[in-house]
Amino acid sequence: MQRAAGKELALAPLQDWGEETEDGAVYSVSLRRQRSQRGSPLAGPGGGQAPSPDAGTFLHYRTSKVRVLRAAHLERLVRELVSVDREQDPGFVPTFLATHQAFVPTARVLGLLLPPPPPPLPPWVEIKKTEGQDLSFNKNLRAVVSVLGSWLRDHPQDFWDPPAHSDLGSVRTFLGWAAPLGPEALEAEKLLRDFLEAAEQEQEEEEEQPQASAGPPGAARTPSPDSPEGSVEEEEGLVQEGPELLDFSADQVAEQLTLMDVELFSRVRPCECLGSVWSQRDRPGAAGIAPTVRATVTQFNLVTGCVLGSVLGAPGLAAPQRAQRLEKWIRIAQRCRELRNFSSLRAILSALQSNPIYRLKSSWGAVSREPLSTFRKLSQIFSDENNHLSSREILSQEEASEGPREENSPPGSLPSKLPPGPVPYLGTFLTDLVMLDTALPDMLEGDLINFEKRRKEWEILARIQQLQKRCRSYCLSPCPPILAALRAQRQLSEEQSYRVSRVIEPPAASCPSSPRVRRRISLTKRLSAKLSRERGASPGGSPGDPSSPTSSLSPGSPPSSPRMRDPPPGSPPASPGPQSPSTKLPLALTLSCPRIPHVGQQGSEARVIRVSIDNDHGNLYRSILLTSQDKTPSVVQRALQKHNMAQSGARDYQLFQVLPGDKELLIPDNANVFYAMSPAAPGDFMLRRRKKEEAQHTTSGSPT
């Protein structure tokens with residue numbers, strides 16, 4: 001007991017105590033120190049209000065033990081949903097509901113969570129039930145109903161399973177006898193109606209689809225990639241009907257882009273952003289995975305395509321005229337920054353920094369000094385240096401800007417008057433979640449689900465949800481003419497962009513006056529440097545690893561148009577001219593590396609690789625972290641664990657590196673994979689089961 005002298009005591013509110021293992025579960029234990037005040041007899045008469053700290057108040061501290069579940073079997077995790085102390089561990093239920101799709105389907109959870117219905121009572125038994133009270137309603141049933149209420153409210157799409165929606169049917173059946181008059185039952189019925197209406201609307205749209213045009217309005221005006229370069233001029237004879245996008249003011253265009261980004265970001269399902277879900281998007285038959293995230297990717301690529309099409313789509317323009325288009329897009333980007341729309345801001349900058357545009361020295365040389373200065377400042381937001389630290393810090397500052405809070409509002413509620421937005425660049429969160437999924441294992445020793453990993457994922461998903469709530473404060477109205485011009489804007493493919501750019505300015509004329517693009521540091525080097533800093537070592541390697549993945553294929557960032565990539569080998573270097581920004585500009589859409597906690601011992605080199613299994617289930621890749629210390633057996637075993645095949649033996653599989661041209665490189669059984677693989681090929685690997693004879697030789701110790 002200590003006396004307060006008007007100062008706060010420097011005592012840690014929570015201290016780590018250790019771990020406890022109990023019934024197939026691992027808990028982290030902490031000691032929570034809570035303060036309570038009690039006045040001394042000299043502070044005043046008893047029974048009055050609590051005295052102030054300066055009036056003889058004594059501070060009393062009591063210590064309580066706090067247990068947080070870190071790992072457990074699935075059955076124990078589901079049991080914890082209804083038995084967890086929400087005061088001690090308030091994040092367990094929302095974490096489980098938000099991340100369970102990564103390790104168990106909804107139907108499996110419901111099978112373990114929902115109790116069987118009670119047997120029917122004989123008709124002669126009279127049941128007396130007061131209003132608001134249900135039959136056989138005990139504490140466990142109330143907990144199950146509460147969990148289902150949160151699930152239906154916060155993650156309704158988990159129950160989308162057309163046409164029968166059997167999972168939702170199981171919930172409705174349970175609530176029908178456990179809480180037939182409760183809000184949870186009403187929520188389930190409303191959700192079913194919404195699903196049925198959505199299915200009807202989707203069917204109507206499919207019936208109308210054949211009557212629609214075969215392609216977007218601008219598709220007919222896109223030149224063929226196989227046409228000769230001289231035919232690009234002839235394509236200009238096809239004039240777009242109605243006003244072009246840049247005929248509208250910069251403010252109007254930026255507001256409509258923001259409106260579209262807000263609507264798409266608000267509909268994003270956070271669970272689709274999980275690394276284990278988003279990383280499956282490229283496998284065959286995965287076109288329906290993460291549709292809400294794919295929609296934001298499509299919009300991002302639409303904006304970059306509009307910038308490329310409007311700047312490059314008119315080869316006959318003089319350099320000053322093309323410079324006016326560059327300046328217009330810079331003003332649109334600046335307005336997006338003012339509207340706190342970082343998604344379209346990133347898309348516009350990515351297009352302006354792409355090779356087909358940045359190499360146009362005559363056009364950039366005609367851009368005024370003030371727009372170039374604005375372009376330089378905006379580009380620094382997404383600089384590759386320091387892991388996009390500027391964009392992360394700015395986004396955190398934008399999130400922290402809150403308006404006044406209403407009186408008597410509950411703790412943790414949003415202020416009544418929030419500034420609009422911000423709309424984040426979703427690729428930042430996707431990258432963090434993919435890296436987190438790569439760095440931390442799904443399962444721990446004893447086949448325990450690593451729930452601590454899910455807590456770390458929930459920290460990112462909760463931030464996405466909070467930003468989605470903030471986006472509701474935008475007040476923007478759609479402008480059909482601008483939206484029509486946006487959809488009709490001519491789009492250019494990667495090959496078309498380079499071809500048109502070379503027609504505008506031949507390669508020999510490139511490019512001392514265009515803004516310089518900084519070569520990005522590869523994922524390998526950045527991850528290696530990050531791990532080295534966490535271990536107290538100096539980062540190894542130098543920037544510019546040739547094995548760096550292309551920006552369009554970054555596993556975390558949205559796979560934007562392939563046109564955003566580094567300069568091709570042999571392209572002339574770009575040096576800043578008198579009117580260019582004084583600092584180098586980064587190429588957008590690179591893969592950033594977040595802080596990775598609890599990573600095991602690593603060497604001075606590391607990279608992320610993707611490993612698939614050669615079987616009949618499709619080309620499903622899972623990412624793992626490869627270090628310079630990893631031998632083939634450990635890589636194979638970790639890959640099997642990622643594919644939920646931990647029961648298989650590593651000696652039963654061979655590791656192959658997938659090379660261009662449908663070639664493969666066999667990694668020897670006891671090789672150091674980091675040095676045995678081909679550095680010039682992408683980091684894609686495949687496990688193939690050995691033949692029985694080879695497996696027997698391997699088991700007996702014979703060389704393969």
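Student: Which residues do ring pairs link into a cluster?

Tutor: In this predicted model, ring pairs join F92, F96, F103 and F451 into a cluster. Rings count as a pair if their centres lie within 6.5 Å, and by this rule the count comes to 10 aromatic pairs.

Student: Why is the pair of F300 and Y425 called tilted?

Tutor: The ring centres of F300 and Y425 are 5.6 Å apart, and their planes stand at 40°. Planes under 30 degrees apart would be stacked and planes over 60 edge-to-face, so with 40° the pair of F300 and Y425 is tilted.

Student: What makes this a pair that links distant parts of the chain?

Tutor: F300 belongs to helix α10 (residues 291-312), while Y425 sits in the loop between α16 (389-400) and α17 (426-439), and the two are 125 residues apart. Both F300 and Y425 are buried.

Student: Why is the pair of F382 and Y425 called edge-to-face?

Tutor: Here the planes of the F382 and Y425 rings are at 80°, with centres 6.4 Å apart; the centre distance is within 6.5 Å and the angle is over 60 degrees, so the pair is edge-to-face. Because F382 lies in the loop between α15 (369-381) and α16 and Y425 in the loop between α16 and α17, the pair ties together parts that are 43 residues apart in sequence.

Student: How do you know whether F382 is buried or exposed?

Tutor: The relative accessible area of F382 is 5%, and buried means under 20%, so F382 is buried. Y425, also at 5% relative accessibility, counts as buried by that cut-off.

Student: What makes R67 a charge over the ring of Y27?

Tutor: R67 lies over the face of Y27, at 4.0 Å from the ring centre, and the distance cut-off is 6 Å. R688 likewise lies over the face of F656, at 4.6 Å from the ring centre.

Student: Why is one side of β10 and of β12 left without a neighbour in the sheet?

Tutor: The open sheet has five strands in the order β10-β9-β13-β11-β12, with mixed pairing. Strands β10 (622-627) and β12 (663-667) stand at its edges with a single partner strand each, so one side of each lacks a neighbour in the sheet. On average, neighbouring strands of this sheet are turned by 40° against each other, direction ignored.

Student: How do you know that β9 pairs with β10 and with β13?

Tutor: A pair of strands needs at least two bridges; six join β9 (residues 606-613) to β10, which run antiparallel, and four join β9 to β13, which run parallel. I609 stands opposite I624 in β10, and the bridge partner of S612 in β13 is M686.

Student: Why is β9 described as largely enclosed by the rest of the structure?

Tutor: Seven of the eight residues of β9 are buried, so the strand is largely enclosed by the rest of the structure. Among the elements lying across β9 and β10 are α17, which runs at about 65° to β10, and helix α22 (residues 632-642), which runs at about 155° to β10 and also lies across β11, β12 and β13.

Student: Where does pLDDT stay under 50?

Tutor: Such stretches include residues 129-136, for which the model has seven contacts beyond four places in sequence, and residues 403-407, for which the model has 12 such contacts. Where pLDDT is low, the predicted coordinates should not be read in detail. Across the protein chain pLDDT averages 74, and 66% of the residues score at least 70.

Methods: Residues numbered from 1 in each chain as written. Predicted model: local features only at pLDDT ≥ 70, side-chain atom pairs only at ≥ 80, totals over all residues. Heavy atoms only, no water. Phe/Tyr/Trp six-rings, centres within 6.5 Å; stacked < 30°, edge-to-face > 60°. Buried < 20%, exposed > 50% of the residue type's maximum accessible area, 1.4 Å probe, protein only. Lys NZ or Arg CZ within 6 Å of the ring centre and 35° of its normal. Axes fitted to C-alpha atoms, helices over the stretch in contact; angles between N-to-C directions. Contact = heavy atoms within 4.5 Å. pLDDT = per-residue confidence, 0-100.
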